[in-house]
Amino acid sequence: MTGTESSFIQASGIRKSYFQGAIETTVLSDVNLSMSSGESIALLGVSGTGKSTLLSILGGIETADSGTLHINGALLDMKSQDLADHRRHNVGFVFQFYNLIPSLTVFENVLAGLDAAGPLPKGARDKVLNSLDLVGLSNYERSFPSQLSGGQQQRVAIARAIVKNSPLILADEPTGNLDPNTGEQVLEVLLDQCRKAGSALIIVTHNPEISRHTDRSLTLIDGCVHPCVPA
Ligand SMILES: Nc1ncnc2c1ncn2[C@@H]1O[C@H](COP(=O)(O)OP(=O)(O)OP(=O)(O)O)[C@@H](O)[C@H]1O
Ligand SMILES: [Mg+2]
């Protein structure tokens, strides 16, 4: 698959640097990535190589310095409302550090994933409760994040990302804080939900085992993504 027409995501020549004072560090130098709807990718790479940065760019949270991102064949203008629309309509994001809102209950945090302003839309309550059930947190809807363990908070973050059946789910180390059994179950939930909804899924992980469950795996080295050779 090479053309923008056939890909759900087509990222070309993505470059991103950060400045600390006058010192520029290039994190992503030339990322090229094509992905079709419903495809799952494990993204590996040692700490600090730019995995979270790349996910943020694909999810419209950060902008690239140069390069292009096509979604469904349409060029995403990184300097316009396009980016907010992309985040809103296309993306469910599991943040590496969860980013739950401390003053909201678990239910309200997951509801935020539906991005619905105003009164509770029809069916919203059931969608939220179903997502919480899928990650094994049925009894926690009234709890606040501070009352949960790290792994439970991580699962709330996953419920929030999948509640809307977005076409693109970006999960940054979604099982990093879970014991192996719970991690396996949550991974299955993520993969299963994406299969059912036809969502493309990128899972950032340090666990090569996860690559066994995804369609393919990539590794980020020196600012570029490369296919992983199966062990
Ligand atoms: N907002 C920022 N300002 C300056 N430097 C940043 C910023 N965000 C990330 N970086 C730098 O970019 C590099 C890549 O960071 P990133 O978080 O993308 O790595 P990562 O591959 O996700 O690492 P990890 O596996 O530890 O989560 C790091 O050197 C980091 O210090
Ligand atoms: Mg990271």
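**Pocket, ligand shell and sheet in a predicted model**

The model is a predicted one, in which local features need pLDDT of at least 70 and side-chain atom pairs count only at pLDDT 80 or more, while totals for chains, interfaces and linings use all residues; side-chain values rest on heavy atoms, with hydrogens and water left out. Residues are numbered from 1 along each chain as its sequence is written, and chains are lettered from A and ligands numbered from 1 in the order in which they are written.

A pocket here is an open set of points on a 1 Å grid over the protein atoms alone, where a 1.4 Å probe fits and protein lies on both sides within 12 Å along at least five of seven lines; lining residues have an atom within 4 Å of a point. The largest pocket holds about 360 Å³ of space, the volume being that filled by probe spheres set on points joined across faces, edges and corners. Helix H2 (81-90), strand E6 (91-94) and helix H5 (150-162) each contribute at least two lining residues, and E6 gives the most, with 3. Helices (H or I, at least four residues) and strands (E, at least two) are DSSP runs numbered from the N terminus. The lining comprises 7 nonpolar, 5 polar and 5 charged residues, where Ala, Val, Leu, Ile, Met, Phe, Trp, Tyr, Cys and Pro count as nonpolar, Asp, Glu, Lys and Arg as charged, and the others, Gly among them, as polar.

Turning to ligand 1, 13 residues surround it, the closest being Ser47, Gly48, Lys51, Thr53 and Gln96; a residue is near if one of its heavy atoms lies within 4 Å. Helix H1 (residues 51-58) gives the most to this shell, with 3 residues, and the shell divides into 3 nonpolar, 8 polar and 2 charged residues. On its own, ligand 1 has 640 Å² of accessible area, of which the protein covers 61% (Shrake-Rupley method, 1.4 Å probe).

Elsewhere, 4 strands make an open antiparallel sheet in the order E2-E1-E4-E5, with strand E2 (23-35) and strand E5 (74-75) as edges that each pair on one side only. Pairing requires at least two DSSP bridges. Strand E1 (residues 9-20) is joined to E2 by 9 bridges; Gln10 stands opposite Ser34, and Phe19 has Glu24 as its bridge partner. Their hairpin has 2 residues between the strands, and Gly21 takes a positive phi near 65°. Another 5 bridges join E1 to strand E4 (residues 66-71), where Leu69 stands opposite Ala11.
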